[in-house]
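Please take me through this structure in a viewer, one selection at a time. For each stop, tell me what to select and what is there.

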Amino acid sequence: MRVVLVLPPAVEPVKTPLLAFAYLVAALRARGHEARVVDAAAPAGPGANRLCAAVNRLEPDLVGIHVKTLEVQAAYRAAQELGRLGVKLVAGGPHASACPDEALDHGFDFVLRGEAEGSLPDLADALEGRGELGGIHGLSFVDHGLHRHLPARAPANDLDTLPDPLSALDAFDAAAYGAADVGVPAGLLASRGCPAACTFCANNVTGRRFRCHSPERVADEVRRLVRDYRRPAFSFFDDSFAVGRPRIERLCGAIEAVGSAHWTCTAHPAHLDRDVLALMQRAGCGGVDIGIESGDPDMLAAIGKGVTTERVLQVLEWAQELGMHTVVNLMVGWPDESEAQLQATLAFIERAAPLAGTFNARGVLVPHPATELYQRHHQRFGFTEWWLHDAPIAYEPFPQTWSPDEVQRAYASDAALERNFFHHSPRRLALMAEVLERKAYYTLRRIAAWADGSAPGVTVPAAGAR
Ligand code: B12
Ligand code: SF4
């Protein structure tokens, strides 16, 4: 069976092949299916206008569309247009997994919920008459006019059983990503899942159960990414990189042995101490993204962040001593967030700024489906299924480079502020805008310090360069 995977058009281009598609293509091929990718979010991809023609040209038997919440309207439009060609359509990804009924109501024949390296090849087999739809765990479909949701599929426990994503890069059209990236992913996964339970987090696919690749497998992928694909600087896309100290010791040892890799990752501050940071640094880690989200202790408890402001400041200090870059992630616009709590976040920024590398761009809370926060508040604030009813949030793209102009442009505005999901007062909205301004201000100061040599520079691309 010939399967074409589609990333729908996005407000902001995605400059590298979607790693999830690389895993899925490899899994389909391992079962004897053909697979290709049409990336309408790529900078030089077909976009919305030429998407149907680009898919049609590949003569697919099955088309799979990746659905994220912020791009859901574009995904459903693409499904409706492709449906007119008479091809079978399957949805997957975070939003489709959270809202399978909605996807079936918008033109899809099937939805595969959760990780799909097993279920997508099962579906292709079944459509060829090798296997039954009724046996595919994680499948949702329309059966005699009714939506049927088969039991969830347990995600892979041993990630090393998953096929090699780097073997699938020829399925992407390298030209769509421009000359600079020649179609290589910007990152790898050493693990999936996060044991923390932040109420706002939309990692409903990879979930709460932490699973990992062996250090040997990760080191092998790093070696090939660096040497064969000449991408010495990359990110680990893991939800929470530094889980389990003995694991980190073995993993970092294996990556260090590869040599010449420069990488960043996202880690929960509770898993970081000086020794762990030093191990990571020796293995090539140049920077860590750290979530703190609020400077107010009560808000941190309400979010379920599982960390204190003091701990985060300590982690920043260790990282600074080691010369590692940090990105401090703060969010605003929490339900019932008071002026005093916003002031606490502003005060935290002042304390963190001398220790931090940079702050995150934007940061106004958006309630994603399947999060505890959405479930608890959508009726009270009247934003039920906002992604279908409201115009897509018109974000300014992330900074394309670490230049002052780019940072100012991307940091100083956040389209979600005007959306005001949680009915904040004008005074609180003004304080939120001030938080965005302060994060931009200190980030710009850090960039100026890189430029004049008074602070170590970063070895990784800006967020928007991924
Ligand atoms: C790395 C990453 C990125 C990178 C991707 C780089 C690349 N070239 O791959 C970049 C920086 C580009 C990015 C951008 C965005 N991201 Co992002 N990103 C991630 C992150 C951290 C890891 C993604 C990943 O590789 N996961 C591991 C793989 C194995 O899981 P997966 O992607 O879900 O794919 C599996 C299944 O979903 C399924 N599947 C996926 N696609 C399909 C398609 C079909 C047809 C089928 C059947 C199955 C299927 O099978 C896959 C393999 O098992 C996730 C967090 C997370 N836990 O996933 C956030 C995450 C996916 N991102 C998120 C968001 C919001 C965004 C942005 C909208 C942010 C923004 N405001 O711009 C953009 C959208 C870009 C776009 N148009 O796709 C949210 C999505 C939430 C939601 N409900 O939509 C997540 C979950 C973060 C979070 N916790 O909130 N992101
Ligand atoms: S620590 Fe990060 S990945 Fe884990 S639940 Fe919280 S926000 Fe999500």
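The tour below goes from the domains to the sheet, then to the ligands and a pair of helices.

**Stop 1: the two domains**

The model is a predicted one. Select residues 2-149 and colour them as domain 1, then select 187-451 and colour them as domain 2. The centres of domain 1 and domain 2, taken over C-alpha atoms, are separated by 29 Å. Where they touch, domain 1 contributes 14 residues and domain 2 contributes 16 residues.

Now stay on the domain 1 side of this contact. Select helix H3 (72-83) and H4, each of which supplies at least two residues there. H4 gives the largest share of that side, four residues. By class, the side of domain 1 that touches domain 2 has seven nonpolar, five polar and two charged residues.

**Stop 2: the sheet**

Next, show the strands E1 to E7. They form an open sheet of seven strands with mixed pairing, and the order across it is E2-E1-E3-E4-E5-E6-E7. Which strands stand at the edges? Select strand E2 (34-39) and strand E7 (146-149): each has a single partner strand, so one side of each has no neighbour in the sheet. On average, neighbouring strands of this sheet are turned by 25° against each other, direction ignored.

Inside the sheet, select strand E4 (residues 88-92) and strand E5 (residues 110-112). These run parallel and are joined by two bridges. Val-90 can be picked out opposite Phe-110 in E5.

**Stop 3: helices on the sheet**

H6 lies across E1, E3, E4, E5 and strand E6 (139-143), and runs at about 150° to E5.

**Stop 4: ligand 1**

Select ligand 1 and the residues around it. There are 46 of these, and Ala-20, Gly-64, Lys-68, Gly-92 and Glu-115 come nearest. The elements giving two or more residues to this shell are E1, H1, E3, E4 and helix H4 (94-98). H1 provides the largest share, four residues. By class, the shell around ligand 1 is made up of 27 nonpolar, eleven polar and eight charged residues.

**Stop 5: ligand 2**

Cys-194, Cys-198 and Cys-201 are among the residues around ligand 2. Ala-196, Ala-197, Asn-203, Asp-239, Ser-240, His-268 and Gly-291 are also in this shell. Five residues of the shell around ligand 2 are nonpolar, four are polar and one is charged.

**Stop 6: a pair of helices**

Last, select helix H13 (residues 339-352) and helix H18 (residues 426-452). Their axes come within 10 Å and cross at roughly 10°. H13 and H18 are therefore roughly parallel to each other, since angles under 35 degrees count as such. On H13, show the side chains of Glu-339, Leu-342, Thr-345, Leu-346 and Ile-349, which make the contact with H18. The residues of H18 in this contact include Arg-427, Leu-431, Val-435 and Tyr-442. By class, the contact of H13 with H18 consists of seven nonpolar, one polar and six charged residues.

Conventions:
Residues numbered from 1 in each chain as written. Chains lettered and ligands numbered in written order. Predicted model: local features only at pLDDT ≥ 70, side-chain atom pairs only at ≥ 80, totals over all residues. Axes fitted to C-alpha atoms, helices over the stretch in contact; angles between N-to-C directions. Parallel < 35°, antiparallel > 145°, perpendicular 65-115°, else oblique. Contact = placed C-beta atoms within 7 Å. Nonpolar A, V, L, I, M, F, W, Y, C, P; charged D, E, K, R; others polar. Pairing = 2+ DSSP bridges. Near = placed C-beta within 6 Å. Domains from an automatic or database assignment.
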